[in-house]
Amino acid sequence: MNEFCKTDVIDFCENESFYKRYIDQNARQRLGMDILKFLYFKEGSFINPMKKAQILKTYIEEEKENFFKKNILNIPQVEFCITTKCTLKCIDCCGLIPQLDRIRHIEMSFCDFKNYLCRLLDAADSIRHFIILGGEPLVHKDLAKMIEFACAQEKINIVQLVSNGTMKFSDELLDVLKKNNKRIYVYISNYLANEQLRPLLKHEEIKDALRKNDIKFQFDENKKWLKEAGFSIQKSDDNQTISKIQECFKSHCSQVLSGFVSICPKAAAAKEMAEVEISDSVDIMGSNNLRDDLIKFYQNPCPDACRYCVLSDEGVIPALQK
Ligand code: SF4
Ligand code: SF4
């Protein structure tokens, strides 16, 4: 039993970070994936939108029970960044990919992909939402093999592949997506609001190919982009850091890059670029007790990267290029 299970449930719910980043996120991901599974794969049952709040409440209670009484650890969501190579160079990339790739190109080998995923699945009881992305993941030569491997893992609830919509899907990739079309869906970013990019976007070809092969996809609605403001050289204090995390939608996007789990893509990139001092990412292969380290990760109210992170609320044109 982990050390967290020894204490009263109420005490743990007072750890707001753990509650928000773990309990609440697990419940939300579970509900989101239930809706998606019914919509895309005709699995489970229809969820009445009027009952969502009630279901969420039930899932939160079940998640508490799972963790505190049954010793079950579910990873709400994790992204694997399989390459820092990208077909675009967005100035405001929230994963700092262009800067990172210029300093250090990182490619996750198929062997590393398997090792990291197996270690996480050994340490946890499930991953509710597993995401493969980059850079642009379609440039990776072993993407099809990675998808096949991830879709075969029973502890993963749903797999998502994220692409920026600039590359056609190869026949090999379409085959593996089709074969696993009850386990995976594709998410295509929408940069149409950026007129200069339109000639590069292959949305219609991609959507046609996915439809023909009965592969489910989401075409991103035109999301608002915010200026990427980088990091400050000065640390923020606990209160400032906690409020940054509360307003930051990326604090639920934990990412694996170079074998470390970080709170978000920006933190993962900053660790690799040694831009700020980050010592609290979880070392998947080096950890002696990955389960406990993951729990500590979710329990940490002030991750190092967030202390230095500068958030901006200035809206910018999506995917503006360097
Ligand atoms: S935002 Fe997406 S498309 Fe743009 S550089 Fe970053 S990873 Fe590439
Ligand atoms: S480092 Fe923290 S505050 Fe900054 S983007 Fe990532 S999660 Fe948000």
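This is a predicted model: local features need pLDDT of at least 70, side-chain atom pairs count only at pLDDT 80 or more; totals for chains, interfaces and linings use all residues.

As for the division itself, domain 1 runs over 3-69 and domain 2 over 74-316. The centres of domain 1 and domain 2, taken over C-alpha atoms, are separated by 22 Å.

## Helices α2 and α3

Helix α2 also packs with helix α3 (residues 52-69), and the axes of α2 and α3 come within 8 Å, crossing at roughly 130°. Angles of 65 to 115 degrees count as roughly perpendicular and those over 145 as roughly antiparallel, and α2 and α3 are therefore oblique to each other. The crossing of α2 and α3 is right-handed.

On the side of α2, the contact is made by Ile23, Asp24, Asn26, Ala27, Arg28, Arg30 and Leu31, while on the side of α3 it is made by Lys52, Ile55, Leu56, Tyr59, Ile60, Glu63 and Lys64. Taken by class, this contact of α2 with α3 has seven nonpolar, one polar and six charged residues.

## Helices α5 and α6

A second pair of helices can be described in the same terms, since two packed helices are described by the angle between their axes and the distance between the axes. Helix α5 (residues 110-123) and helix α6 (residues 143-151) pack at an angle of about 20°, and their axes are 10 Å apart. Angles under 35 degrees count as roughly parallel, and α5 and α6 are therefore roughly parallel to each other. The crossing of α5 and α6 is right-handed.

Where α5 and α6 meet, Phe110, Phe113, Lys114 and Leu117 belong to α5, and Lys145, Met146, Phe149 and Ala150 belong to α6. The residues of this contact of α5 with α6 comprise six nonpolar, no polar and two charged ones.

## Surroundings of the two ligands

Ligand 1 is surrounded by 13 residues, of which Cys86, Leu88, Cys90, Cys93 and Asn164 are the closest. The shell around ligand 1 consists, by class, of seven nonpolar, four polar and two charged residues.

Around ligand 2 there are 13 residues, and those that come nearest are Cys248, Cys264, Ala305, Cys306 and Cys309. The elements giving two or more residues to the shell around ligand 2 are α9 (238-247), α10 (265-273) and α12 (304-308). By class, the shell around ligand 2 divides into nine nonpolar, one polar and three charged residues.

Technical notes. Residues are numbered from 1 along each chain as its sequence is written. Chains are lettered from A and ligands numbered from 1 in the order in which they are written. A residue is near a molecule or strand if its C-beta atom, placed from the backbone, lies within 6 Å of it. Ala, Val, Leu, Ile, Met, Phe, Trp, Tyr, Cys and Pro count as nonpolar, Asp, Glu, Lys and Arg as charged, and the others, Gly among them, as polar. Domain bounds come from an automatic or database domain assignment. Helices (H or I, at least four residues) and strands (E, at least two) are DSSP runs, numbered from the N terminus. Axes are lines fitted to C-alpha atoms, for helices over the stretch in contact, and angles run from 0 to 180 degrees between N-to-C directions. A crossing is left-handed if the near helix is turned anticlockwise from the far one by less than a right angle, and right-handed if clockwise. Two residues are in contact if their C-beta atoms, placed from the backbone, lie within 7 Å.
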